[in-house]
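Colleague: Before I use this model, could you take me through the terms you apply to it and set each one against its cut-offs?

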Amino acid sequence: MTSSVEPIGAGDDDSRPDGALNSTQFDQERAEAAIRELLLAAGEDPEREGLRETPARVARAYRELFAGLYTNPDDVLDRTFDEAHEELVLVRDIPVYSQCEHHLLPFHGYAHVGYIPNEQGRVTGLSKLARLVDLYGRRPQVQERLTSQVADALAQRLEPRGVIVVIEAEHLCMGMRGVRKAGATTTTSAVRGIFRSSASSRSEALSLIRGK
Ligand SMILES: Nc1nc2c(ncn2[C@@H]2O[C@H](COP(=O)(O)OP(=O)(O)OP(=O)(O)O)[C@@H](O)[C@H]2O)c(=O)[nH]1
Ligand SMILES: [Zn+2]
(Lines give C-alpha, C1' and ligand atoms only; values in the text may rest on other atoms or scores of the structure.)
(Ligands and ions follow the chains in the order given, each with its own letter.)
Protein backbone atom coordinates (compact mmCIF):
# COMPACT_ATOMS: atom_id res chain seq x y z
CA MET A 1 0.00 0.00 0.00
CA THR A 2 1.20 3.54 -0.66
CA SER A 3 2.40 5.76 2.17
CA SER A 4 1.88 9.23 0.71
CA VAL A 5 -1.36 9.97 2.53
CA GLU A 6 -1.51 12.15 5.65
CA PRO A 7 -2.63 10.60 8.92
CA ILE A 8 -6.29 11.03 9.71
CA GLY A 9 -7.70 11.72 13.12
CA ALA A 10 -9.56 14.11 15.37
CA GLY A 11 -10.79 17.13 13.47
CA ASP A 12 -11.45 15.27 10.24
CA ASP A 13 -14.58 16.54 8.54
CA ASP A 14 -16.05 13.07 8.66
CA SER A 15 -15.25 12.36 12.31
CA ARG A 16 -18.32 12.01 14.47
CA PRO A 17 -18.67 12.16 18.24
CA ASP A 18 -18.58 8.84 20.02
CA GLY A 19 -22.09 9.38 21.33
CA ALA A 20 -22.50 11.01 24.69
CA LEU A 21 -21.93 8.81 27.68
CA ASN A 22 -24.88 8.54 30.01
CA SER A 23 -24.15 10.39 33.22
CA THR A 24 -26.39 8.12 35.28
CA GLN A 25 -26.03 4.40 35.86
CA PHE A 26 -28.61 1.86 34.73
CA ASP A 27 -31.77 2.17 36.87
CA GLN A 28 -32.45 -1.44 37.81
CA GLU A 29 -35.61 -0.67 39.77
CA ARG A 30 -37.17 1.32 36.98
CA ALA A 31 -36.35 -1.37 34.41
CA GLU A 32 -37.91 -4.05 36.64
CA ALA A 33 -41.11 -2.02 36.95
CA ALA A 34 -41.23 -1.57 33.17
CA ILE A 35 -40.86 -5.31 32.50
CA ARG A 36 -43.58 -6.03 35.04
CA GLU A 37 -45.83 -3.56 33.20
CA LEU A 38 -45.01 -5.25 29.89
CA LEU A 39 -46.07 -8.62 31.29
CA LEU A 40 -49.28 -7.09 32.61
CA ALA A 41 -49.90 -5.42 29.23
CA ALA A 42 -49.58 -8.84 27.59
CA GLY A 43 -52.22 -10.22 29.96
CA GLU A 44 -49.69 -12.31 31.87
CA ASP A 45 -49.59 -12.80 35.61
CA PRO A 46 -46.21 -11.52 36.85
CA GLU A 47 -46.83 -13.26 40.18
CA ARG A 48 -47.01 -16.76 38.78
CA GLU A 49 -44.05 -18.87 39.73
CA GLY A 50 -42.23 -18.90 36.40
CA LEU A 51 -42.45 -15.13 36.01
CA ARG A 52 -41.86 -13.98 39.58
CA GLU A 53 -38.13 -13.37 39.08
CA THR A 54 -38.45 -12.39 35.44
CA PRO A 55 -38.58 -8.58 35.78
CA ALA A 56 -35.40 -8.58 37.89
CA ARG A 57 -33.70 -11.04 35.53
CA VAL A 58 -34.62 -9.11 32.38
CA ALA A 59 -33.51 -5.84 33.98
CA ARG A 60 -30.13 -7.38 34.81
CA ALA A 61 -29.86 -8.68 31.26
CA TYR A 62 -30.52 -5.22 29.82
CA ARG A 63 -28.02 -3.67 32.21
CA GLU A 64 -25.45 -5.96 30.62
CA LEU A 65 -26.71 -5.44 27.06
CA PHE A 66 -26.58 -1.65 27.45
CA ALA A 67 -23.30 -1.54 29.38
CA GLY A 68 -21.67 0.34 26.49
CA LEU A 69 -23.76 3.40 27.39
CA TYR A 70 -21.66 3.79 30.52
CA THR A 71 -18.22 2.90 29.19
CA ASN A 72 -15.83 5.48 27.82
CA PRO A 73 -13.99 4.38 24.64
CA ASP A 74 -10.93 6.22 25.99
CA ASP A 75 -10.73 3.56 28.69
CA VAL A 76 -10.61 0.86 26.01
CA LEU A 77 -7.99 2.57 23.88
CA ASP A 78 -6.02 3.90 26.84
CA ARG A 79 -2.84 2.17 25.79
CA THR A 80 -1.20 2.67 22.43
CA PHE A 81 2.38 1.90 21.56
CA ASP A 82 4.75 2.53 18.69
CA GLU A 83 5.78 -0.38 16.53
CA ALA A 84 7.64 -0.06 13.25
CA HIS A 85 4.70 -1.25 11.20
CA GLU A 86 3.12 0.89 8.53
CA GLU A 87 1.04 -1.74 6.79
CA LEU A 88 -2.43 -3.08 7.33
CA VAL A 89 -3.46 -4.54 10.68
CA LEU A 90 -6.75 -6.44 10.30
CA VAL A 91 -8.80 -8.42 12.80
CA ARG A 92 -11.48 -10.45 11.06
CA ASP A 93 -14.58 -12.27 12.26
CA ILE A 94 -15.08 -10.48 15.56
CA PRO A 95 -18.47 -11.70 16.84
CA VAL A 96 -20.81 -8.76 17.28
CA TYR A 97 -24.04 -8.68 19.28
CA SER A 98 -26.18 -5.59 19.46
CA GLN A 99 -29.85 -4.61 19.43
CA CYS A 100 -31.66 -2.36 17.01
CA GLU A 101 -32.96 0.77 18.60
CA HIS A 102 -36.23 0.46 16.68
CA HIS A 103 -37.47 -2.80 18.19
CA LEU A 104 -34.84 -3.59 20.85
CA LEU A 105 -34.37 -6.95 19.17
CA PRO A 106 -30.92 -8.41 18.62
CA PHE A 107 -28.81 -8.17 15.56
CA HIS A 108 -25.69 -10.27 15.44
CA GLY A 109 -22.92 -11.27 13.10
CA TYR A 110 -19.28 -10.46 12.51
CA ALA A 111 -17.18 -7.33 12.41
CA HIS A 112 -13.91 -6.92 10.52
CA VAL A 113 -11.73 -4.06 11.70
CA GLY A 114 -8.55 -2.88 9.99
CA TYR A 115 -6.25 0.11 10.04
CA ILE A 116 -2.94 1.30 8.66
CA PRO A 117 -0.83 2.87 11.43
CA ASN A 118 0.61 6.34 10.98
CA GLU A 119 4.27 7.10 10.38
CA GLN A 120 5.12 6.73 14.06
CA GLY A 121 3.61 3.26 13.80
CA ARG A 122 1.07 3.96 16.52
CA VAL A 123 -0.78 0.72 17.18
CA THR A 124 -2.97 -0.71 19.91
CA GLY A 125 -3.52 -4.20 21.28
CA LEU A 126 -5.49 -6.43 18.91
CA SER A 127 -8.03 -7.27 21.60
CA LYS A 128 -8.84 -3.57 21.91
CA LEU A 129 -10.39 -3.64 18.43
CA ALA A 130 -12.77 -6.37 19.59
CA ARG A 131 -13.43 -4.48 22.84
CA LEU A 132 -14.44 -1.40 20.84
CA VAL A 133 -16.92 -3.44 18.79
CA ASP A 134 -18.30 -4.82 22.04
CA LEU A 135 -18.58 -1.41 23.67
CA TYR A 136 -20.51 0.21 20.84
CA GLY A 137 -22.59 -2.95 20.31
CA ARG A 138 -23.81 -2.79 23.90
CA ARG A 139 -26.05 0.16 23.21
CA PRO A 140 -29.39 0.60 21.45
CA GLN A 141 -28.02 0.86 17.91
CA VAL A 142 -28.44 0.90 14.19
CA GLN A 143 -25.86 -1.08 12.29
CA GLU A 144 -24.66 1.90 10.27
CA ARG A 145 -23.92 3.95 13.41
CA LEU A 146 -22.21 1.04 15.12
CA THR A 147 -19.92 0.68 12.10
CA SER A 148 -19.08 4.41 11.97
CA GLN A 149 -18.53 4.71 15.70
CA VAL A 150 -15.92 1.95 15.71
CA ALA A 151 -14.17 3.55 12.72
CA ASP A 152 -14.24 7.04 14.23
CA ALA A 153 -12.99 5.92 17.64
CA LEU A 154 -9.95 4.34 15.99
CA ALA A 155 -9.41 7.30 13.69
CA GLN A 156 -9.45 9.74 16.57
CA ARG A 157 -7.25 7.82 18.98
CA LEU A 158 -4.68 6.16 16.71
CA GLU A 159 -4.57 8.88 14.04
CA PRO A 160 -3.84 6.15 11.51
CA ARG A 161 -3.47 6.61 7.77
CA GLY A 162 -6.69 4.70 7.24
CA VAL A 163 -9.43 2.73 8.96
CA ILE A 164 -11.87 0.21 7.51
CA VAL A 165 -14.73 -1.43 9.39
CA VAL A 166 -17.13 -3.92 7.83
CA ILE A 167 -20.02 -5.47 9.74
CA GLU A 168 -22.19 -8.31 8.47
CA ALA A 169 -25.23 -9.02 10.61
CA GLU A 170 -28.65 -10.61 10.75
CA HIS A 171 -31.43 -8.56 12.34
CA LEU A 172 -33.96 -10.60 14.29
CA CYS A 173 -36.54 -7.84 13.83
CA MET A 174 -36.48 -8.82 10.15
CA GLY A 175 -36.51 -12.55 10.91
CA MET A 176 -38.85 -13.32 13.79
CA ARG A 177 -41.41 -10.60 13.09
CA GLY A 178 -42.38 -7.96 10.51
CA VAL A 179 -41.17 -8.88 7.06
CA ARG A 180 -39.99 -12.32 8.38
CA LYS A 181 -36.97 -12.83 6.19
CA ALA A 182 -34.85 -14.99 8.46
CA GLY A 183 -31.31 -15.42 7.18
CA ALA A 184 -31.16 -12.11 5.30
CA THR A 185 -27.90 -10.38 6.17
CA THR A 186 -26.95 -6.71 6.10
CA THR A 187 -23.43 -5.51 5.32
CA THR A 188 -22.27 -2.04 6.32
CA SER A 189 -18.86 -0.46 5.91
CA ALA A 190 -17.11 2.65 7.16
CA VAL A 191 -13.86 3.78 5.56
CA ARG A 192 -11.67 6.65 6.64
CA GLY A 193 -8.43 8.16 5.32
CA ILE A 194 -6.55 6.23 2.66
CA PHE A 195 -9.31 3.63 2.37
CA ARG A 196 -11.65 6.39 1.30
CA SER A 197 -9.27 8.13 -1.10
CA SER A 198 -7.59 5.11 -2.68
CA ALA A 199 -9.70 2.51 -4.47
CA SER A 200 -6.77 0.08 -4.65
CA SER A 201 -6.11 0.24 -0.87
CA ARG A 202 -9.80 -0.26 -0.25
CA SER A 203 -10.11 -3.23 -2.57
CA GLU A 204 -6.95 -4.84 -1.13
CA ALA A 205 -8.41 -4.58 2.37
CA LEU A 206 -11.80 -5.82 1.21
CA SER A 207 -10.28 -8.90 -0.42
CA LEU A 208 -8.38 -9.70 2.78
CA ILE A 209 -11.65 -9.28 4.71
CA ARG A 210 -13.33 -11.70 2.33
CA GLY A 211 -10.45 -14.11 2.93
CA LYS A 212 -9.07 -13.98 -0.61
N1 LIG B 1 -31.07 1.32 8.56
C2 LIG B 1 -31.32 0.45 9.56
N3 LIG B 1 -32.57 0.05 9.74
C4 LIG B 1 -32.81 -0.83 10.74
C5 LIG B 1 -31.81 -1.33 11.58
N6 LIG B 1 -32.38 -2.19 12.45
C7 LIG B 1 -33.69 -2.21 12.15
N8 LIG B 1 -33.97 -1.39 11.12
C9 LIG B 1 -35.22 -1.07 10.42
O10 LIG B 1 -35.91 -0.07 11.11
C11 LIG B 1 -37.14 0.06 10.44
C12 LIG B 1 -38.22 0.57 11.37
O13 LIG B 1 -39.30 0.79 10.53
P14 LIG B 1 -40.75 1.24 11.02
O15 LIG B 1 -41.63 1.27 9.79
O16 LIG B 1 -40.64 2.45 11.86
O17 LIG B 1 -41.16 0.05 12.00
P18 LIG B 1 -42.00 -1.27 11.70
O19 LIG B 1 -43.40 -0.92 11.32
O20 LIG B 1 -41.83 -2.18 12.89
O21 LIG B 1 -41.23 -1.86 10.43
P22 LIG B 1 -41.14 -3.36 9.88
O23 LIG B 1 -39.90 -3.96 10.50
O24 LIG B 1 -40.98 -3.20 8.39
O25 LIG B 1 -42.36 -4.08 10.28
C26 LIG B 1 -37.41 -1.31 9.84
O27 LIG B 1 -37.38 -1.16 8.43
C28 LIG B 1 -36.22 -2.14 10.29
O29 LIG B 1 -35.82 -3.12 9.36
C30 LIG B 1 -30.49 -0.87 11.34
O31 LIG B 1 -29.54 -1.23 12.03
N32 LIG B 1 -30.29 0.01 10.33
ZN1 LIG C 1 -35.39 -3.53 14.44
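**Core, valine and ligand shell**

Modeller: The largest nonpolar core has 33 residues, and those with the most contacts inside it are Leu-132, Val-133, Val-150, Leu-154, Val-163 and Val-165. Strands E2 (89–100), E3 (106–116), E6 (162–171) and E7 (186–193), together with helices H4 (126–137), H5, H7 (194–197) and H8 (199–209), each supply at least two residues of this core, and H5 gives the most to this core, with seven residues. This is a predicted model, in which local features need pLDDT of at least 70 and side-chain atom pairs count only at pLDDT 80 or more, while totals for chains, interfaces and linings use all residues. Residues are numbered from 1 along each chain as its sequence is written, and chains are lettered from A and ligands numbered from 1 in the order in which they are written.

Colleague: What makes a set of residues a nonpolar core?

Modeller: The set must consist of buried Ala, Val, Leu, Ile, Met, Phe, Trp, Tyr and Cys residues joined through C-beta atoms within 7 Å.

Colleague: Which residues does Val-113 contact, leaving aside its neighbours within four places in sequence?

Modeller: With contact meaning that two C-beta atoms, placed from the backbone, lie within 7 Å, Val-113 is in contact with Val-91, Ile-94, Leu-129, Val-133, Val-150 and Val-165. Val-113 is found in strand E3, where strands are DSSP runs of E with at least two residues and helices are runs of H or I with at least four, numbered from the N terminus.

Colleague: How many helices and strands does the chain have?

Modeller: The chain has eight helices and seven strands.

Colleague: What makes the shell around ligand 1 five nonpolar, four polar and one charged residues?

Modeller: The shell includes Cys-100, Val-142, Met-174 and Glu-144, its residues being near the ligand in the sense that the C-beta atom, placed from the backbone, lies within 6 Å. Ala, Val, Leu, Ile, Met, Phe, Trp, Tyr, Cys and Pro count as nonpolar, Asp, Glu, Lys and Arg as charged, and the others, Gly among them, as polar, which gives the five, four and one by class. Helices H5 (143–158) and H6 (172–175) each supply at least two residues of this shell.

Conventions
A residue is buried if 20 or more other C-beta atoms lie within 10 Å of its own, exposed if 12 or fewer, and partly exposed in between; C-beta atoms are placed from the backbone.
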